[in-house]
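Reader: I'm new to this one. Can you walk me through it?

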Amino acid sequence: MVSFRITKPKNTVRSMVREQYKEIANSAASFKNAAAIPAEGWVRTIRKALDMSGAQLAERLNLSRNRISILERREVEGEITINQLKALADKLGCDFTYALVPKKEANLGCNLFRVREKDLKRLPTCDWV
């Protein structure tokens, strides 16, 4: 398991904040052994597991069946946005989780962090319909 070394912070605000960021980045290590992305992508895989057609998901999102197909294809190609995945996950009854998982220990300051659903509300929205 990869983790950032947490050192005793100096009595400066900057070093204390850096240590807090390291703790957040270390918490992402739990995602290291998460399931691999399915070949068809998560959206299609979950939809099929729920025995839901593309048309049914489209109806939930007020989109066309063709648009759902495009979004599922864009997920596999890595071209889907976080906001799109969040909306799809919500309509599939899933939690959306996004993480940057450190590959190796870093001793210096780090700005890697895990984005939780509540943090996504601070990101700008886009019209993807």
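Author: Let's start with a term. Helices (H or I, at least four residues) and strands (E, at least two) are DSSP runs, numbered from the N terminus. The expected span of a helix is 1.5 Å times one less than its number of residues.

Reader: What kind of model is it, and how are residues numbered?

Author: This is a predicted model: local features need pLDDT of at least 70, side-chain atom pairs count only at pLDDT 80 or more, and totals for chains, interfaces and linings use all residues. Residues are numbered from 1 along each chain as its sequence is written, and side-chain values use heavy atoms, leaving out hydrogens and water.

Reader: OK. How many helices and strands?

Author: The protein has 6 helices and 0 strands. Along the sequence the pattern reads α-α-α-α-α-α.

Reader: How far does helix 1 reach?

Author: Helix 1 covers residues 13-27, which is 15 residues. From its first C-alpha to its last it reaches 21 Å, close to the 21 Å expected at 1.5 Å a residue.

Reader: Which residues in helix 1 are buried?

Author: Ser 15, Glu 19, Lys 22, Ala 25 and Asn 26. Buried means under 20% relative accessible area, exposed means over 50%, and partly exposed is in between (1.4 Å probe, protein chains only).

Reader: Where do those buried residues fall, seen down the axis of helix 1?

Author: They fall within an arc of 120°, so they line one face of helix 1. The arc is that of the directions from the helix axis to the C-beta atoms. As background, an α-helix has 3.6 residues a turn, so residues three or four places apart point the same way.

Reader: And what sits on the face of helix 1 turned away from the buried side?

Author: That face carries the exposed residues Val 13 and Arg 14. Val 13 has a relative accessible area of 65%. Val 13 also belongs to a nonpolar surface patch with Val 17, Tyr 21 and Ile 24. Together the four have about 330 Å² of accessible area.

Reader: What makes a patch?

Author: Patches are made of residues with over 30% relative accessible area and no salt bridge. Like charges are joined within 9 Å, and nonpolar side chains (Val, Leu, Ile, Met, Phe, Trp, Tyr) within 5 Å.

Reader: Salt bridges, then. How many does the structure hold?

Author: It holds 4 salt bridges. A salt bridge is a side-chain nitrogen of Lys or Arg within 4 Å of a carboxyl oxygen of Asp or Glu.

Reader: Which residue does Glu 19 pair with?

Author: Glu 19 pairs with Lys 22, and their closest N and O atoms are 3.6 Å apart. The two are 3 residues apart in helix 1, so about one helical turn separates them. Glu 19 has a relative accessible area of 5%, and Lys 22 is at 1%.

Reader: And Lys 48?

Author: Lys 48 meets Glu 40 in a salt bridge, 3.1 Å from N to O. Lys 48 is partly exposed at 46%, and so is Glu 40 at 33%.

Reader: What about Glu 72? Which residue is its partner, and how far apart are the closest N and O atoms?

Author: Glu 72 bridges to Arg 47, with the closest N and O atoms 2.6 Å apart. The pair links distant parts of the chain: Glu 72 is in helix 4 and Arg 47 in helix 2, 25 residues apart. Both are buried. Arg 44 joins Arg 47 and Glu 72 in a network of salt bridges.

Reader: New topic. Is Ile 68 buried or exposed?

Author: Ile 68 is buried, with a relative accessible area of 1%. Ile 68 sits in helix 4, residues 65-77.

Reader: What does Ile 68 touch?

Author: Gly 54, Leu 57, Ala 58, Leu 61, Leu 63 and Leu 88, not counting residues up to four places away in sequence. A contact means heavy atoms within 4.5 Å.

Reader: What about the loops?

Author: Asp 51 lies in the loop between helix 2 (42-49) and helix 3 (54-61). Its phi is near 55°, a positive value in a residue other than glycine. Asp 51 is exposed at 68%. Asn 62, in the loop between helix 3 and helix 4, has a positive phi of about 60° although it is not a glycine. Asn 62 is exposed too, at 73%.

Technical notes: Areas by Shrake-Rupley, 256 points an atom, 1.4 Å probe, with all protein chains shown as cover.
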